[in-house]
Amino acid sequence: MRIAWWKIASIILLCYAVVGGLLLPVPALSQLGETIRNLYFHVCMWFAMMILFTISIIHSIKYLNRSDLRHDIKAKSYAAVGTYMGLLGYSTGAIWASFTWADPNNPAYASFGSIMREPKLIGAAMALLIYGAYFILRNSIKDMDQRARVSAVYNVFAYTMLFPSIWIIPRLLPSLHPGQEGNPALNFNDIDARMRMVFYPAVLGWTLLGAWITTLKIRIELIQEKKILSNEK
Amino acid sequence: MHPYKQFSALLKKEILLELRQKHALYGMMLYIASTIFVLYLTLGDAEAETWNALFWITQLFICINAVAKSFLQEAKGRMLYHFSITTPSAFILSKIVYNVLLMGIMNVINLILYTAFLGDPTTSFLAFVGISLLGSIGLSLVFTMLAAIASKAMQQASLMAILGFPIIIPQLMLLVRLSKTAFSEIFRDGAPLQVIFLLLALDLSVILLAVILYPFLWKD
């Protein structure tokens, strides 16, 4: 068993985030109430997703530079786990929104249309759609090297196009989501000092957990592809 | 050969090919006409907002269809020939410029037919023409790059839509928003200009990315 210090750190940080997140004091806001504790889970998922996608694109660039299939496997695995984190971010957000945004007289399905128009949700949906398309693209190319190259190109292209959009769309549309002026949670004044004590460790913990899952996936895949990879070098 | 000469020769080749195989061009025009006719029959009387949204959706689908064939028609042997005599940046730039020109023409046809069938709710039609041309440039740039990517895979046409839609969303939103200036919606001073600059900056970044990334798609 390979255990590194950062894996232990991830476990400790997540234990702290879960226990501290549920027990430590939070500011009492009338709208949010105790649901504010979801911040330690919901926002962290998005942070983890974006960080994992960034690692994925770095591996894609490395692949384009060196044509080493290991980088392609890494890029794919980071994108996959990032997408998973994004889906978790959506579900935690949906639970949160159903307590705070959704009209209590309306069933959740009826208010879906108005909630989905949220700029942050659009940005997140775009990211998930892009990586969904990335996997479809991968599956529709048979040749391994070509698949790796073409999907790396799409990864770089889509990711660079995603960034200006995440910056543009929030400034185009009205929003209920916190962090109206641009990107939430990156602004230091957004979060109460007490919450920051748990929030930043939680972000780190979830990201490390995502990276951990990814390294396991990569190891499995490297073993599966051993034959091809050993032929290469 | 000098890269600029390569570029102009390639562009000339694209235009000549298009003029010799006119069926593809007429096919595109018929596609526009039938799309708009279907809209006309199903929609009846459209409000300005619906009119605007549908215009951009037709524009999007026309672009996908017009641009998709630019790489699909390149046979493997011909690509190999290009590979041996030109540089990738000259090749992709010629494709880009050609697609922008093609989409510009299709845009004009779309505008004429669209206003003929569905009326013209704009207050300043000239501004709308300008915005639609700006939009068609952006659309054709993005989809040229995506056609290059999709041409390496199976089921290219549907794949292009999947790959392209999430990427094109912000541009479409900016365009729909910007075209409201042509519907006499009042904007904050300088806001339309800001959007135009944003769109141009996006276009520029797509061209840059295409020139940087295409060499990797190019070698097979």
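Predicted model: local features only at pLDDT ≥ 70, side-chain atom pairs only at ≥ 80, totals over all residues.
**Confidence, chain A.** Helix H4 of chain A (residues 108-115) has the lowest confidence in the chain, at a mean of 66. The highest is in helix H2 of chain A (residues 39-66), at 89. Where pLDDT is low, the coordinates should not be read in detail.

**Chain A, overall.** I looked up the secondary structure next and found eight helices and zero strands in chain A. Along the sequence that reads α-α-α-α-α-α-α-α. Of the 233 residues in chain A, 38% count as buried. I also checked how far apart in sequence the contacting residues sit. Among contacts in chain A with a separation of 6 or more, 76% are between residues 24 or more positions apart.

**H2 and H3 of chain A.** I took this pair for a closer look. At what angle do H2(A) and H3(A) pack? The angle is about 160°, and the axes are 8 Å apart. That makes H2(A) roughly antiparallel to H3(A), as the angle is over 145°. H2(A) passes H3(A) in a left-handed crossing. By class, I have 16 nonpolar, 10 polar and four charged residues in the contact of H2(A) with H3(A).

**A:Ser67.** I then went to the loop between H2 and helix H3 (69-100) of chain A, which is where A:Ser67 sits. A:Ser67 is not a glycine, yet its phi is positive, at about 50°. Is A:Ser67 buried, exposed or partly exposed? A:Ser67 counts as partly exposed because it has 15 C-beta neighbours inside 10 Å, and buried would take 20 or more.

**H3 and H7 of chain B.** I moved to chain B and began with helix H3 (residues 48-72) against helix H7 (residues 156-179). They pack at about 140°, and their axes are 10 Å apart. That angle makes H3(B) oblique to H7(B). The crossing of H3(B) past H7(B) is right-handed. I listed the residues that meet: on H3(B) they include B:Trp56, B:Leu60 and B:Ile64, and on H7(B) they include B:Met160, B:Gly164 and B:Ile168. The contact of H3(B) with H7(B) has 13 nonpolar, four polar and no charged residues.

**H3 and H5 of chain B.** I checked H3(B) against helix H5 of chain B (residues 88-118) as well: the axes come within 10 Å and cross at roughly 145°. H3(B) passes H5(B) in a right-handed crossing. From H3(B), the contact uses residues including B:Phe55, B:Ile62, B:Cys63 and B:Val67. From H5(B), B:Tyr98, B:Leu102, B:Met106 and B:Tyr114 are among them. By class I noted 12 nonpolar, six polar and one charged residues for the contact of H3(B) with H5(B).

**B:Phe143.** I looked up this residue next; B:Phe143 lies in helix H6 of chain B (residues 125-150). Why does B:Phe143 count as buried? B:Phe143 is buried because 28 other C-beta atoms lie within 10 Å. Setting aside neighbours within four places in sequence, I found B:Phe143 in contact with B:Cys63, B:Ile64, B:Val67, B:Met160 and B:Gly164. B:Ile64 is also on the H3(B) list for the contact with H7(B), as B:Met160 and B:Gly164 are on the H7(B) list. B:Cys63 and B:Val67 turned up on the H3(B) list for the contact with H5(B).

**B:Lys180.** In the loop between H7 and H8 of chain B I picked out B:Lys180. B:Lys180 counts as partly exposed, because it has 17 C-beta neighbours inside 10 Å. The C-alpha atoms of B:Lys180 and B:Phe125 are separated by 11 Å, and the two residues are 55 apart along the chain.

**Where the chains meet.** Last, I looked at the contact between the chains, which takes 23 residues from chain B and 24 from chain A. Which helices of chain B each supply at least two residues of the side that touches chain A? I noted H6, H7 and helix H8 (191-218). H7(B) gives the largest share, 11 residues. By class, this side of chain B has 20 nonpolar, one polar and two charged residues.

Technical notes: Residues numbered from 1 in each chain as written. Chains lettered and ligands numbered in written order. Axes fitted to C-alpha atoms, helices over the stretch in contact; angles between N-to-C directions. Helix = DSSP H or I, 4+ residues; strand = E, 2+ residues; numbered from the N terminus. Parallel < 35°, antiparallel > 145°, perpendicular 65-115°, else oblique. Left-handed = near helix turned anticlockwise from the far one by under 90°. Contact = placed C-beta atoms within 7 Å. Nonpolar A, V, L, I, M, F, W, Y, C, P; charged D, E, K, R; others polar. Buried ≥ 20, exposed ≤ 12 C-beta atoms within 10 Å, placed from the backbone. pLDDT = per-residue confidence, 0-100.
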